[in-house]
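Have a look at the picture first, then read on.

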Amino acid sequence: MENGRAFDANEQWFRMNLLRHTGLMVPSDVADAVVAAITLPRGHQYGFLEVTPTAPIGPLPPTFEEWGAAMVAQFQPE
């Protein structure tokens, strides 16, 4: 992907209220959901599986810049 295009897309998504909070799923969360789905006991299956992150408790970032700062703070390695 061309450098900077994801940032532009995130800003547009924020303006359309598609990025409301910083509760995103990391790859290991998605992998855990897939493992749960494929390790059901024999004779059981999911008809539909939707996995969504839980929104953090607290106020939502009012600007795209504050959203970006909150994302950096949340996912920055310790």
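How much accessible surface does the protein have, and what percentage of it belongs to carbon and sulfur atoms? The accessible surface comes to about 6,600 Å², and 57% of that belongs to carbon and sulfur atoms; areas like this come from the Shrake-Rupley method with a 1.4 Å probe, and for residues only the protein chains shown count as cover.

Keep in mind that this is a predicted model, where local features need pLDDT of at least 70 and side-chain atom pairs count only at pLDDT 80 or more, while totals for chains, interfaces and linings use all residues. Residues are numbered from 1 along each chain as its sequence is written, and side-chain values use heavy atoms, with hydrogens and water left out.

**Overall build**

- You'll find 3 helices and 0 strands here, in the order α-α-α along the sequence. The radius of gyration is 16 Å, well over the 12 Å that the globule rule gives for 78 residues, so the protein is more spread out than a compact globule.
- A few terms: helices (H or I, at least four residues) and strands (E, at least two) are DSSP runs, numbered from the N terminus. The radius of gyration is taken over C-alpha atoms, and the globule rule is 2.2 Å times the number of residues to the power 0.38.
- Along its principal axes, the C-alpha trace spans about 50 × 35 × 30 Å.
- Take the contacts (heavy atoms within 4.5 Å) between residues at least 6 apart in sequence: 78% of them join residues at least 24 apart.

**Inside and outside**

- Buried residues make up 12% of the 78 residues. Buried means under 20% relative accessible area, exposed means over 50%, and partly exposed is in between (1.4 Å probe, protein chains only).
- Pro59 sits in the loop between H2 and H3, and it counts as exposed at 80% relative accessibility. Its C-alpha atom is separated by 41 Å from that of Pro41, 18 residues apart along the chain.
- His44 is in the loop between helix H2 (27-38) and H3, and is exposed too, with a relative accessible area of 54%. His44 and Leu60 are 16 residues apart in sequence, yet 39 Å apart in space, C-alpha to C-alpha.
- Ala73 belongs to helix H3 and counts as exposed at 58% relative accessibility. From Ala73 to Ala37 it's 36 residues in sequence and 31 Å in space, C-alpha to C-alpha.

**Aromatic rings**

- The structure holds 2 aromatic pairs. One of them is Phe64 with Trp67, which is stacked, at 5.6 Å centre to centre and 20° between the planes.
- Here's the rule: rings of Phe, Tyr and Trp (its six-membered ring) pair if their centres lie within 6.5 Å, and planes under 30 degrees apart count as stacked, over 60 as edge-to-face and the rest as tilted.
- Phe64 and Trp67 are 3 residues apart in helix H3 (residues 64-75), so about one helical turn separates them. Both Phe64 and Trp67 are buried.
- Ring pairs also link Phe14, Phe64 and Trp67 into a cluster.
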